[in-house]
Amino acid sequence: MRRDGTETGPPQDDPPAGARVSLWRNRDYVGWWTGHGLSALGTSVSNIAFPLLILYATGSVARAGVITAATMVGTLATTLLGGALADRVSRRLILITGPLVQAAALGAVAYAVHRGELALWLLCVLACVAGAASGITSGSTIPSLRRIVPKEQIGEATARSMGRDMAARVIGAPLGGLLFSAARWAPFLADAVSFLFASLGAALIRRPLGPDRAPGAERPGIGRDVLAGYRFVRDHAYLRFTVIWVALLNAVAQGFFLLLIALVKHRGGDPQTIGLVNATALVGGVVGAVIGPLLLARVRARTALLVSAWVFVESFAVVALVPEPWQIGAVLLVATAAMVPLNVILESYEVRLVPDEYSGRVSAVSRFGMQALQWTGPLAAGFLGDRLGVQGAVLFLMVLMAALAVALHLTRSLRVLDEPVDAVAELPVPGTREGAGVQGVSDRP
């Protein structure tokens with residue numbers, strides 16, 4: 001590692017043709033996968049505990065929306081900075097220190113709840129700090145994964161990561177309800193401990209994670225790095241459309257998640273029931289992660305994307321109408337099974353398109369754009385839930401989701417999805433001879 005924090009050594013070479021190795025035999029990947037999995041488990045525990053804490057303390061869906069939005073706002077505020085840092089300082093250092101800050105913030109939440117200090121402003125500040133650390137760390141996640149896993153296995157690794165996260169939520173949702181019932185501070189302490197494992201997993205990775213820098217090479221300022229990432233996304237129709245579309249989808253989905261908790265509570269569910277309903281729904285995510293790579297190999301990606309979106313639309317209507325909590329969980333099991341392949345498709349194509357030297361910046365700009373509106377979802381859903389009732393708010397979100405599904409049919413920006421992901425060519429680096437015509441390959445609609 002150099003004094004400026006960048007790592008020396010070449011990136012990990014892809015294995016030669018015919019020598020493809022199972023991801024489970026890749027020690028660095030297994031360590032990365034395990035550390036992030038334990039962290040995802042802890043996060044799923046606290047994600048359900050935060051709104052439960054406010055709902056049971058105040059009964060206000062709107063206030064529960066505020067605490068849910070606080071973490072998202074913190075993440076959004078630092079996502080662009082995290083991407084710029086990922087292309088200029090040690091990604092390993094970021095992946096080690098970021099979770100330690102998150103552990104400290106969640107530990108402070110546990111202590112405050114244990115002391116009975118439930119001031120909304122204090123909990124929001126601590127949640128925002130944890131979110132800010134997450135935003136910094138997230139910029140190094142995909143660039144590091146590119147060094148750990150050969151490009152030919154990115155789709156498989158992405159699906160397994162999403163399956164891991166869904167499995168963590170399946171376990172974490174009922175565990176969060178159980179811990180909350182036992183002691184309201186316990187879910188937050190569990191999340192704090194989980195971040196320590198994420199930090200340890202990053203520390204044990206042997207391969208250089210980058211970024212690489214030639215001796216004496218100069219980099220422009222962080223602001224110019226962020227601008228370069230923004231221009232790369234702006235100039236390519238697929239990246240530009242998916243950022244905008246997923247930003248709107250995330251806002252709707254985050255609002256739906258909050259209303260789901262309120263809906264089960266409204267229909268007589270206690271914290272354990274709420275956790276079990278979420279777990280039932282998220283089993284579908286595990287199923288979706290298994291079928292995601294199969295869909296990429298056998299079904300045209302654009303077709304799978306359209307089916308996923310419309311299944312999600314229909315789930316809103318059915319969830320609003322079924323009377324029992326277990327029925328809500330069963331409907332959402334199907335919805336999440338359809339939505340995870342959608343995420344696998346979008347992320348896999350982005351990883352294949354973006355060159356390594358732009359990976360951190362582009363992934364941060366994409367993540368920033370995709371998360372830019374999601375904090376509004378819980379706020380808007382809480383407002384609508386208090387005024388239209390939870391059922392009416394869910395139906396209102398269904399109309400918005402239907403509009404997003406229609407947009408997929410109308411856009412011309414998704415033509416790259418007509419090619420198999422393994423056949424997609426990497427986009428040229430701006431400023432090189434191949435990239436001199438960036439505008440020419442942007443495929444603006």
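Modeller: Helix α6 (residues 186-203) gives the largest share of the nonpolar patch, five residues. This is a predicted model, in which local features need pLDDT of at least 70, side-chain atom pairs count only at pLDDT 80 or more, and totals for chains, interfaces and linings use all residues. Residues are numbered from 1 along each chain as its sequence is written, and side-chain values use heavy atoms, with hydrogens and water left out.

Biologist: What makes L38, L100, W185, L189, V193, L196, F197, L200 and L204 a nonpolar patch?

Modeller: Patches are made of residues with over 30% relative accessible area and no salt bridge, where nonpolar side chains (Val, Leu, Ile, Met, Phe, Trp, Tyr) are joined within 5 Å and like charges within 9 Å. Together these nine names have about 770 Å² of accessible area on the surface. Accessible areas come from the Shrake-Rupley method with a 1.4 Å probe, and for residues only the protein chains shown count as cover.

Biologist: Why is L200 called partly exposed?

Modeller: L200 is found in helix α6. Buried means under 20% relative accessible area, exposed means over 50%, and partly exposed lies in between (1.4 Å probe, protein chains only). L200 has 46%, so it is partly exposed.

Biologist: What makes a stretch of chain a helix?

Modeller: Helices (H or I, at least four residues) and strands (E, at least two) are DSSP runs, numbered from the N terminus. The protein chain has 14 helices and zero strands.

Biologist: How much of the chain is buried?

Modeller: Buried residues make up 55% of the 445 residues. The accessible surface of the protein chain comes to about 18,300 Å², and carbon and sulfur atoms hold 64% of that.

Biologist: Why are α8 and α12 called oblique to each other?

Modeller: Helix α8 (residues 237-266) and helix α12 (residues 359-371) pack at an angle of about 40 degrees, and their axes are 7 Å apart. Axes are lines fitted to C-alpha atoms, for helices over the stretch in contact, and angles run from 0 to 180 degrees between N-to-C directions. Angles under 35 degrees count as roughly parallel, over 145 as roughly antiparallel, 65 to 115 as roughly perpendicular, and the rest as oblique. The angle of α8 and α12 falls in the rest, and the pair is therefore oblique.

Biologist: Which residues make the contact between α8 and α12?

Modeller: T242, V243, V246, A247 and N250 of α8 meet S366, G369 and M370 of α12. Contact means heavy atoms within 4.5 Å.

Biologist: Where is Q374, and what does Q374 contact?

Modeller: Q374 is in the loop between α12 and α13 (376-388). Leaving aside neighbours within four places in sequence, Q374 is in contact with M72, N250, A251 and Q254. Q374 has 11% relative accessibility, so it counts as buried.

Biologist: How do you know that D28 and R207 form a salt bridge?

Modeller: A salt bridge is a side-chain nitrogen of Lys or Arg within 4 Å of a carboxyl oxygen of Asp or Glu. The side chains of D28 and R207 meet at 3.0 Å, N to O, and this is a salt bridge. The pair links distant parts of the chain, 179 residues apart: D28 is in helix α1 (residues 27-58) and R207 is in the loop between α6 and α7 (222-234). D28 has 2% relative accessibility, so it counts as buried. R207 is also buried, at 16%. D28, R206 and R207 are linked in a network of salt bridges.

Biologist: Why can such side chains pair?

Modeller: Side chains of opposite charge can pair when their charged atoms come close.

Biologist: How many salt bridges does the structure hold?

Modeller: There are four salt bridges. One of them joins D235 and R234, with the closest N and O atoms 3.0 Å apart. D235 has 7% relative accessibility and counts as buried, whereas R234 has 30% and counts as partly exposed.

Biologist: What makes R300 and D418 a salt bridge?

Modeller: The N to O distance between their side chains is 3.5 Å, and the limit is 4 Å. R300 lies in the loop between α9 (271-298) and α10 (301-321), and D418 in the segment after α14 (390-410), 118 residues apart. R300 is partly exposed at 47%, and D418 is partly exposed at 37%.
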